[in-house]
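Here is my note on the model you sent. Please read it with the viewer open, point by point.

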Amino acid sequence: MSSVEFKGVSKAFGRTVAVEQTDLVVQQGEFFSMLGPSGCGKSTTLRMLAGFLTPTTGRILVNGRDITDLPPEARGIGIVFQNYAIFPHMNVYDNIAFGLVERRQDKATIRRKVEAALEQVGLTGYGERFERELSGGQKQRVALARVLVIEPEILLLDEPLSALDKKMREEMKFWIKDIQKSIGITTVYVTHDQSEALTMSDRIAVMNEGRMLQVGTPVDIYEKPASRFIAEFIGDSNLLDVTVVKSNGTRCDVDLGDGLIVPAHVSDTVRLTPGSSAGLLIRPEMLRLAPALKGEGPRLTGKVVDRVYQGALRRYHVAAGRHELVVEVPNRPELSPLSPGAEVQLFWSEESGVAVP
Ligand SMILES: Nc1ncnc2c1ncn2[C@@H]1O[C@H](COP(=O)(O)OP(=O)(O)OP(=O)(O)O)[C@@H](O)[C@H]1O
């Protein structure tokens, strides 16, 4: 059974179309992320699902039930926002108990559920504390406990990590993912941070200007992006201007200029026309650098323009004919640094070249 379904859902604010006609199915138990730049429509989509906004067109279903006209509290949906939203005048226990008190559950049940929720989020013994006595990460744990305690069918997370420092964000990413999997709750996550989306999601929808441009697994999205926008939005990218020579389903040949033709892959959602211009995406970490020609496979000849030391990596800029590429090489003793001016061969495996329209 599909847990969340959008059927032809759109939202306009006056003349601004925040969300274009969207069809989407989020599966039971799935961790589904909406990723995109500011203003792309992710929060509007989430708010329609939560019931804070009414769609201009279309219907929204949860477990097959049409919830489009239901108020937020009748939807079986729990939501955690970026700014914690825990009550400062109540201690942690009362914050978590709040939804259960509202639902008029008896005292003993409330105690049992709150204790279980505290344990679930790793805050056993923190019941007496107030907001000012908690770290950012702990506040978000309380916010999550407060939602989970009412046992929603669907969990919505709206940039829940964006107010935390980098180290805490890293920790919370794995923690949220673990807790989501252990409960098996269908989760819709909104973020503009690609690393969060890649780490946590079963599937990601990359959004821009109100449209879901590509929906796929993190591997699909990172390794087989369906457009230039997605290739550039997710991760670092080299995008070389090429011409499509031949196209056959998910494979093609592209011309890098001067008759240098190399094979590449294509997302299965994309059709490329021979003769059209395209981008050839090669991620910086997928390129190898060597002073002399070695082995088989696609390659370019170039010259090191500059080298930047980044601790774990060395990052090179390499000029190769009309192309300029960034190459990331792990900082290992056997890979001696190349100096600016050095002549190099750049090569990559056929699988790591992806043509995008
Ligand atoms: N209440 C509103 N009235 C008018 N326009 C709105 C309203 N809410 C959102 N918009 C517009 O709709 C578009 C999508 O906004 P939305 O908040 O969904 O984007 P977002 O991807 O969540 O961005 P952010 O990451 O900055 O929150 C934007 O152009 C925004 O200005």
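1. Start with a definition: a residue is near a molecule or strand if its C-beta atom, placed from the backbone, lies within 6 Å of it. By that rule, the ligand is surrounded by Phe13, Thr16, Ala18, Gly36, Ser38, Gly39, Cys40, Gly41, Lys42, Ser43, Thr44 and His192.

2. Two notes on the source. This is a predicted model: local features need pLDDT of at least 70, side-chain atom pairs count only at pLDDT 80 or more, and totals for chains, interfaces and linings use all residues. Residues are numbered from 1 along each chain as its sequence is written.

3. Which elements supply at least two residues each of the ligand shell? They are strand E2 (16-27) and helix H1 (42-50). Helices (H or I, at least four residues) and strands (E, at least two) are DSSP runs, numbered from the N terminus. H1 gives the largest share, 3 residues. The shell has 3 nonpolar, 8 polar and 1 charged residues. Here Ala, Val, Leu, Ile, Met, Phe, Trp, Tyr, Cys and Pro count as nonpolar, Asp, Glu, Lys and Arg as charged, and the others, Gly among them, as polar.

4. Now the helices. The axes of H2 (residues 92-102) and H4 (residues 136-148) come within 7 Å and cross at roughly 30°. Axes are lines fitted to C-alpha atoms, for helices over the stretch in contact, and angles run from 0 to 180 degrees between N-to-C directions. H2 is therefore roughly parallel to H4. (Angles under 35 degrees count as roughly parallel, over 145 as roughly antiparallel, 65 to 115 as roughly perpendicular and the rest as oblique.) Val92, Asn95, Ile96, Phe98 and Gly99 in H2 meet Val142, Ala145 and Arg146 in H4. Contact means that the C-beta atoms of two residues, placed from the backbone, lie within 7 Å. By class, this contact has 5 nonpolar, 2 polar and 1 charged residues.

5. H2 also meets H3 (residues 107-120): their axes come within 10 Å and cross at roughly 130°. That makes H2 oblique to H3. Tyr93, Ile96, Ala97, Leu100 and Val101 of H2 make the contact with Ile110, Lys113, Val114, Ala117 and Leu118 of H3. This contact has 9 nonpolar, no polar and 1 charged residues.

6. Last, the sheet. It is open, has 6 strands in the order E6-E7-E8-E3-E9-E10, and shows mixed pairing. Two strands pair if DSSP finds at least two bridges between them. Strands E6 (77-80) and E10 (211-216) are the edges, each pairing on one side only. E9 (residues 203-208) and E10 run antiparallel, joined by 5 bridges.
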